[in-house]
Amino acid sequence: MRYLPLTQSDRDTMLTQIGAQSIDDLFADVPEAARLTGPIRGLPSHATEMAVERHFSALARQNMAASHHPFFLGCGAYKHHVPASVDHLIQRGEFLTAYTPYQPEIAQGTLQMLFEFQTQVARLFGCDVANASMYDGSTACWEAISMAGRITKRSKAVLSSGLHPHYVSVCETMAHFTNDMLDVAKPDFAGADTQRLIDNIDEETSAVVVQYPDILGRIEDMSAIAAKAHEKGALLIAVVTEPVALGAIKSPGEMGADIVVGEGQSIGVGLQFGGPYVGLFACQKKFVRQMPGRLCGETVDAEGKRGFVLTLSTREQHIRREKATSNICTNSGLCALAFSIHMSLLGERGLCDLATLNHARAVQAAQRLNKVPGVRVVNDTFFNEFTLELSKEARPLVRELADRRILGGVSLGRLYPDVNALQNGLVVAVTEIVTDEDIETFADALEELLS
Amino acid sequence: MSRYFTEEHEWIDVDGESATVGITDYAQEQLGDIVFVEVPAAGAEISKGGDAAIIESVKAASDIYAPVSGTITEGNSALEDDPALINSDPESDGWFFRMTLSDESELETLMNETAYKAFVDGL
Amino acid sequence: MSDLNKGGWRPEMTEERRDEQGTFTGNRALMLDEALIFEIGDSETTGVDLADFPQVETRLGGMERDRRIGLPGLSEPEAVRHYTRLSRQNYAIDLGLFPLGSCTMKHNPRLNEKIARMKGFADVHPLQPVETVQGALGVINELAVWLIKLTGMHGVAMTPKAGAHGELCGILCIKAALEARGEDRKVILVPESAHGTNPATAAFAGYVTENIPATPDGRVDLEALKARLGPDIAAVMITNPNTCGLFERDMKAISDAVHAAGGYVYCDGANFNAIVGRVRPGDLGVDAMHINLHKTFSTPHGGGGPGSGPVVLSEALSPFGPIPYTERFGDGHITLVEEETAGDRHPHSIGRMTAFHGQMGMYTRALAYVMSHGADGLKQVAEDAVLNANYLLRSLEDVLDAPFGKSGPCMHEALFSDMGMAEGYSTLDIAKGLIDEGYHPMTVYFPLVVHGAMLVEPTETESKAALDEFIGALRSVAIRAKAGDEALKSAPHFAPRRRLDETLAARKPKLVWPQTELAEAAE
């Protein structure tokens, strides 16, 4: 077996040296009834590298890869061009095969990177501090609600109807068991529910949660929501699922968000069929001790040289155990690295240009698609994603588009199977990877399928 | 004014109905470098044996239990900026909070200085 | 580079002055320091070339950004150099033995990396129509079958994002099962030697935890556990093999007792590597167990993640597993059970644990791993892992105290304590001494039940020669600690950094680089 270095004679020598007759002696503590006599039945035996690769190549061919087709999907996962150097660098063994940096003297690479990442995320979100990443945007969203509960000692959160429905589901799963109350609503083509949020914030409210831009792609000013929340002693949690947008629009922190969480996938990480992704988590400084997750901080070594360590770890499970701020242990370090490298390559200039380019492509696409009979662009405002109301149910249409080798957006029927008013909705994302030809192909196909 | 001690290594200076609470020199030595303290706010009600404050070293977080019941009149805000005070001067400037006692008889269960010294020596 | 030192140094930490033969750069040949991106980059530099953008009338609704962000950019050569230099300050499995107990730092096969990057897996969107992602769903489904068969369980929840997330999923399933029975049990029993995530998870799910006492030979005290069982106990969380590196001999009896009292058995599967292919947790009465794909199944740790924590479930708990999940039909077609169909197909589900379908990139790697080994190879994995650990245990117990060494063989990790070191010397000094010898230290001060614990897990991917060299190094450091070697107190001496001031970091947290650029722009 290519991954096992011990030879049979090594094994024999070692067994003799430790005074065991056979390997079975070392498993003597396993109860008789649970001892297996041979390899588990019903599973294949070992395979060569070539055989394994062939098996996967065959499986991979059954999938329509985004870069091979006109591609317009978003809704929490975005396809951007990731520079080749990003994937090269994250595959360096010293990053890829390192552990959590608990021994800082020999983990400065990971630690400095995390410190840079934290700073990038905090600045992007307009917050004072950010942590070293969470699993993904959806779990970060629940962690933020949970954190707001600790800070305010209240347990009712008001969720915007524009919050990604999977994120709402994750929060509902958790809230059911923690006895938190969630005030939720479904989106409406007529407009965002800013007024509902403002009206529903009361003295019991721990937090109001707003996605920006929202699930339909709309951009709303959150300042009034923040003001009302703060007046009632609640927090504003902003959720950003497409961080590239912040190269073009105001940061949530500027509008008064207390905690900003997000999905960092769109920068550096790639689609990967939903994971691994990277949860972004930032907040204002006064809340830092209630934050979940790992934090990296600057310090000095015994010679006075600058260095970095994991810090404020008394918040975390391995020390605080049942009193920890969260049970989170593993973060998404390598994806955070990919995010950070891509962000360093972009820089402020590159991010702003990328955002401008995305927006311009999206505006062009919206104008073109709006001309298709049976198509109406729902949004007044958007960044690189907008919603179409079609004259037909969108979900079967998406499958018909796929038959024509076009990956034409996310149907709202998939996300909200129980909301009749949304069944003709199609959310279309347009990033820099979309060409003029892609837009024309998409528009022509829509025209045919809707006629 | 008299000073009492608890088995949790807290000291309490009692002056009539009001008291000042902190942790002993022995406790700070056991905890190591203190990096953070959360003291209760004025007005908070605490009851004997319940959580009153949190103290953190780099690798450990401990709850400080209320030695007696009563109402907090003041938390030591100096600790927020300079938690090292607990290491350098635990039994004076490094005090945690001041309170008014609600049940003076609770003091009877606590140790005096001699008893505490003997208690520590026995550890 | 003097401004790098402006934080000052803490005299009480320093035993020796800096080598007087400094260099102009502060570097030492291949040991290269690297400044922060905020010091070397600027906001006008970029390492990407973008297409020209068309002029359009914006639709941003007046929400245009009007302030600087403060994000430095690097050209590609600068970026490649920056991150390459940083990488060289890390220890990694690729560099040497990484004996971190309970973490299973085994070799990460590169075939797995290649496969995870195939366009058909890496470049598909989670919300594409299921007809366009049959191969990706196939990977999830195939891995699910492997996990179920390897553990002898009934079902598996694939989506949890990491071990602790899997724990949470398992505990929520238990809570849902109790709810379905109309019971509101409040307490979860956890051994003192448990990973910190166990009590944290139980608390996060709204449970009170109580400790289970241990026997002197480092295992769960069955009689004490039985005495505590009753109608208030929701579950028992047990790690098996446990964190002392020992197999819980009474596991089946524990499960039977817990079940008889109406509770469920959660098994922390962090240490599954010791028994994979040789023992099936399902045969021991386990109801739920998470599997860290980043441990037993070799997906890379990546400096702290991403992980992946599928949870195998017993027949009793399977109806409560989260959505979405895959179902394969007789004709080979695979469907995804999510919100739309869950109501009919899976009505008792706890709901979603995460957006989308979990850690696809980890599933491809883990499936490539199990296929490469096969059932026969995985059995060999457990055997070699256990053999290597016992070899270390027996080769070191004359110089290091092994608190449970007398109670029989260990499983995949060997536990030592710092008993017998010279006055003032402890586990930390041994750990830092190992760094100078070119190793990552073992897990230190865990489990909490042993004073000055050192938990050593070599894994099966180390050769005998590599083990012998490590044994030599650890022996040498242990002997120095027993002799009170002064130089050990200030180790490491040869790492990119000396011991770091964690007190300063925690007292005056500096978690981000100060935003100077913004301040200047405002002036």
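1. A residue counts as buried if 20 or more other C-beta atoms lie within 10 Å of its own. Buried residues, in this sense, make up 59% of the 523 residues in chain C. Keep in mind that this is a predicted model.

2. Now the make-up of chain C. Chain C has 16 helices and twelve strands. Its radius of gyration is 26 Å, close to the 24 Å that the globule rule gives for 523 residues, so chain C is as compact as a globular protein of that length. The C-alpha trace of chain C spans about 75 × 70 × 40 Å along its principal axes.

3. Next, contacts within chain C. Take those with a separation of 6 or more. Residues 24 or more positions apart account for 74% of these contacts in chain C.

4. Chain B touches chain C. Six residues of chain B are in contact with four residues of chain C. On the chain B side, five of the residues are nonpolar, none is polar and one is charged.

5. Chain A meets chain C through a helix pair. The crossing of the two helices is right-handed.

6. Which residues of α12(A) and α2(C) meet? From α12(A) come A:Ile341, A:Ser344 and A:Leu345. From α2(C) come C:Glu76, C:Ala79 and C:Tyr83. By class, this contact has four nonpolar residues, one polar and one charged.

Terms used:
Residues numbered from 1 in each chain as written. Chains lettered and ligands numbered in written order. Predicted model: local features only at pLDDT ≥ 70, side-chain atom pairs only at ≥ 80, totals over all residues. Helix = DSSP H or I, 4+ residues; strand = E, 2+ residues; numbered from the N terminus. Rg over C-alpha atoms; globule rule 2.2 N^0.38 Å. Buried ≥ 20, exposed ≤ 12 C-beta atoms within 10 Å, placed from the backbone. Contact = placed C-beta atoms within 7 Å. Nonpolar A, V, L, I, M, F, W, Y, C, P; charged D, E, K, R; others polar. Left-handed = near helix turned anticlockwise from the far one by under 90°.
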